[in-house]
Amino acid sequence: MITKATIEDIPALTILINSAYRGETSKKGWTTEAHLLEGKRTDEQEMTEIFLDPKNTILKFTENDKIIGSVLLVEKAHQLYLGMLTVSPELQNSGIGKKLLAEAENHAKSLGLSSIIMTVISVREELVAWYKRHGYVDTGKREAFPESEIHTTVSAEPLEFIYLEKSI
């Protein structure tokens, strides 16, 4: 079931997001960034800040009262920004990500927005290809990957974000 997450979900969401993106547990899934970055993907402080901004919505995918997927949606001027699409590593490739993407599109339409935009680390070719199969296109825009206090880059090649967009 996909519903809107609440501030009470922060501890579970933080654990889920970090388990899917970084560290050994993330290597059970195909969306890991552990070979590129060390440290955490997020922390409870950042998650709290996300929840406190009224332009942000986090959707959660729950099964048996456990959060197994989530996505951050940020209302921009004419677009919805999609970030931190997360599925529990051992449940990836089961259709949960597709369902969260579809619900993100419904959310954008309900806000009267005409497109969804996201950033993906350019070297994550398999993930970029997955989004392209779901209708997202490379806009050509690039941005340097940001420095952070909660993670360290371990990739030998420089990282950058590519912008993907889907008109809805």
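Tutor: A pocket is an open set of grid points with protein on both sides within 12 Å along at least five of seven lines. Its volume is the space filled by probe spheres set on the points. Keep in mind that this is a predicted model.

Student: What volume does the second largest pocket have?

Tutor: About 170 Å³.

Student: Which residues line the second largest pocket?

Tutor: Find A12, I15, L16, S19, T25, K66, I67, I68, S88, P89 and E90. Helix α1 (10-21) and strand β4 each supply at least two residues of that lining. The largest share comes from α1, with four residues. Sorted by class, the lining has six nonpolar, three polar and two charged residues.

Student: And what is the volume of the largest pocket?

Tutor: That one comes to about 1000 Å³. Its lining has 46 residues, and Y21, R41, G83, M84 and L85 lie nearest its centre. The elements giving two or more residues to this lining are α3 (44-52), β4 (66-75), β5 (79-87), α4 (96-110), β6 (115-121), α5 (125-133) and β9 (160-167).

Student: Which element gives the most to the lining of the largest pocket?

Tutor: Strand β5, with eight residues. By class, the lining of the largest pocket holds 25 nonpolar, 13 polar and eight charged residues.

Student: Let's move on to the strands. In what order do they sit in the sheet?

Tutor: Here the sheet is open, with seven strands in the order β1-β3-β4-β5-β6-β9-β7 and mixed pairing.

Student: Why is one side of β1 and of β7 left without a neighbour in the sheet?

Tutor: Because β1 (2-4) and β7 (137-144) stand at the edges, and each has a single partner strand. While you look along the sheet, note the twist too: from one strand to the next it averages 30°.

Student: How do I read the pairing between two strands?

Tutor: Look at the bridges and the directions. β6 and β9 run antiparallel and are joined by seven bridges. Within that pair, I121 stands opposite F161 in β9, and V120 stands opposite I162 in β9. There's a general idea to carry along: in a regular strand the side chains alternate between the two faces of the sheet.

Student: How many bridges join β7 to β9?

Tutor: Five, and these two strands also run antiparallel. Here E143 is the residue that stands opposite F161 in β9.

Student: Now the helices. Which strands does α4 lie across?

Tutor: Helix α4 lies across β1, β3 (56-63), β4, β5, β6 and β9, and runs at about 160° to β5. Helix α5 packs on the sheet as well, touching β5, β6, β7 and β9. The direction of α5 makes about 165° with that of β6.

Student: Can we zoom out? How many helices and strands does the protein have?

Tutor: Five helices and nine strands. Along the sequence, the pattern reads β-α-α-β-α-β-β-β-α-β-α-β-β-β. The radius of gyration is 15 Å, close to the 15 Å that the globule rule gives for 168 residues, so the protein is as compact as a globular protein of that length.

Student: And what does the C-alpha trace span along its principal axes?

Tutor: About 40 × 40 × 30 Å.

How values were computed
Residues are numbered from 1 along each chain as its sequence is written. This is a predicted model: local features need pLDDT of at least 70, side-chain atom pairs count only at pLDDT 80 or more; totals for chains, interfaces and linings use all residues. Side-chain values use heavy atoms; hydrogens and water are left out. On a 1 Å grid over the protein atoms alone, a cavity is a set of points where a 1.4 Å probe fits but cannot get out, and a pocket is an open set with protein on both sides within 12 Å along at least five of seven lines; lining residues have an atom within 4 Å of a point. Ala, Val, Leu, Ile, Met, Phe, Trp, Tyr, Cys and Pro count as nonpolar, Asp, Glu, Lys and Arg as charged, and the others, Gly among them, as polar. Two strands pair if DSSP finds at least two bridges between them. Axes are lines fitted to C-alpha atoms, for helices over the stretch in contact, and angles run from 0 to 180 degrees between N-to-C directions. Contact means heavy atoms within 4.5 Å. The radius of gyration is taken over C-alpha atoms; the globule rule is 2.2 Å times the number of residues to the power 0.38.
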